[in-house]
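Grab a pencil and have a go at each exercise before you read the solution under it. Keep the sequence and the 3D view open while you work.

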Amino acid sequence: MNFAGVELGGTKCIVMLARGPDEVLARETVATTTPAETLAAIAALLTQWQAEQGFQSLGVASFGPVDLDERSPTHGYITTTPKPAWSDTDVLGPLRRAAGVPAAFDTDVNGAALAEMRWGSGRCFDDFAYVTVGTGVGVGLVVNGAPTRGFANCELGHIRPARLPGDVFPGSCPFHGDCVEGLAAGPSLIARVGAEHVAELAPADPVWDSVAWAVAQLCHTIVCAAAPRAIAIGGGVVDKQPHLLARVEQMLADSLARYMPLPEGSPYVRPPELGANAGPLGAIALAMKAKP
């Protein structure tokens with residue numbers, strides 16, 4: 001069966017037609033500009049693919065915050081976002097109409113978590129977390145086989161962690177200052193050292209202690225709240241600094257102080273096996289779960 005997926009990102013969208021990670025039939029990139037222009041371009045691709053090859057269902061994995069309540073009149077909308085012009089945008093509606101098939105909608109990080117659980121580093125788990133540390137910090141949290149739900153989507157990247165002793169950087173998040181995103185995401189590195197110096201940071205640079213500490217504090221919260229079987233961490237910051245994963249796991253274990261011993265065997269904090277494809281394949285994984 002063919003499935004269509006849309007990963008809606010802050011700078012670009014990836015539209016995919018696939019049967020799984022080993023059978024990608026088509027893949028296109030659409031720049032994220034205005035809602036009208038971006039959604040029209042994606043809708044045109046979906047209409048074309050449906051006519052030419054057909055697909056059974058659609059998955060949409062979007063940056064957020066978003067409305068995930070299926071009973072809400074604004075289900076499928078982006079709600080509040082610093083992305084200009086995108087607040088209160090109906091994302092799901094026009095794409096579902098263009099596709100003409102059942103559709104599922106979730107956050108981009110929840111989609112990535114589901115993809116890793118189906119095909120990657122979370123195989124065989126019902127409880128799993130996917131963390132991305134890039135332009136922002138997002139968390140996809142799956143408990144008992146389903147992404148968490150509540151009055152809003154999971155925004156664990158905005159918790160305020162205990163600060164690393166001696167780190168007085170005020171943080172770069174425009175909403176919360178020194179939340180995890182404000183301390184560990186790409187813009188925080190730029191604010192700390194300057195854009196021209198980020199690529200020059202060596203693994204031994206003290207700034208990575210602050211980044212690893214903030215992410216470890218995030219993982220501490222995730223473990224205490226949901227005890228997932230593993231946590232995969234990806235995103236541009238971590239992808240370029242793979243030494244961070246082992247440091248985060250050690251800091252996490254030290255922070256937990258054996259009150260909740262981590263599972264033994266494979267690394268508990270691990271890279272996503274799907275790499276940069278976790279996001280677009282997350283939309284395909286959502287499509288596979290779409291209700292008729």
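Predicted model: local features only at pLDDT ≥ 70, side-chain atom pairs only at ≥ 80, totals over all residues.

Residues are numbered from 1 along each chain as its sequence is written, and side-chain values use heavy atoms, with hydrogens and water left out.

**Exercise 1. Find helix 3 and work out how covered it is.**

Step 1: Helix 3 takes in residues 108-119. Helices here are DSSP runs (H or I, at least four residues), strands are runs of E with at least two, and both are numbered from the N terminus.

Step 2: Look at burial. Buried means under 20% relative accessible area, exposed over 50%, and partly exposed in between (1.4 Å probe, protein chains only). Ten of the twelve residues in helix 3 are buried, among them Val109, Leu114 and Trp119.

Step 3: Ask what does the covering. The list includes strand 2 (12-20), strand 7 (103-107) and helix 9.

**Exercise 2. Describe how helix 3 packs on helix 9.**

Step 1: Helix 9 is residues 278-288, and the two axes are 7 Å apart at an angle of about 80 degrees. Axes are lines fitted to C-alpha atoms, for helices over the stretch in contact, and angles run from 0 to 180 degrees between N-to-C directions.

Step 2: Name the angle. Under 35 degrees is roughly parallel, over 145 roughly antiparallel, 65 to 115 roughly perpendicular and the rest oblique. Helix 3 and helix 9 are therefore roughly perpendicular.

Step 3: Pick out the residues in contact (heavy atoms within 4.5 Å). Helix 3 brings residues including Gly111, Leu114 and Trp119, and helix 9 brings residues including Leu281, Ile284 and Met288.

**Exercise 3. Which residues touch the most other members of the largest nonpolar core?**

Step 1: Such a core is a set of buried Ala, Val, Leu, Ile, Met, Phe, Trp, Tyr and Cys residues joined through side-chain atoms within 4.5 Å.

Step 2: The largest one has 40 residues, and Val131, Val133, Ile222, Ile231 and Ile233 touch the most other members. Helix 6 gives the most to this core, with twelve residues.

Step 3: Zoom in on Ile233. Leaving out residues up to four places away in sequence, Ile233 touches residues such as Val131, Val133, Val215 and Leu245.

Step 4: Leu8 sits in strand 1 (residues 3-8) and counts as buried because its relative accessibility is 1%.

**Exercise 4. Where is the cis peptide bond, and which residues have a positive phi?**

Step 1: A cis bond joins Gly64 and Pro65, with omega about 0 degrees. Pro65 is in the loop between strand 4 and strand 5.

Step 2: Cys124 has phi near 75 degrees. It lies in the loop between helix 3 and strand 8 and is exposed, at 82%.

Step 3: Asn144 has phi near 55 degrees. Its loop runs between strand 9 and strand 10, and at 66% relative accessibility Asn144 counts as exposed.
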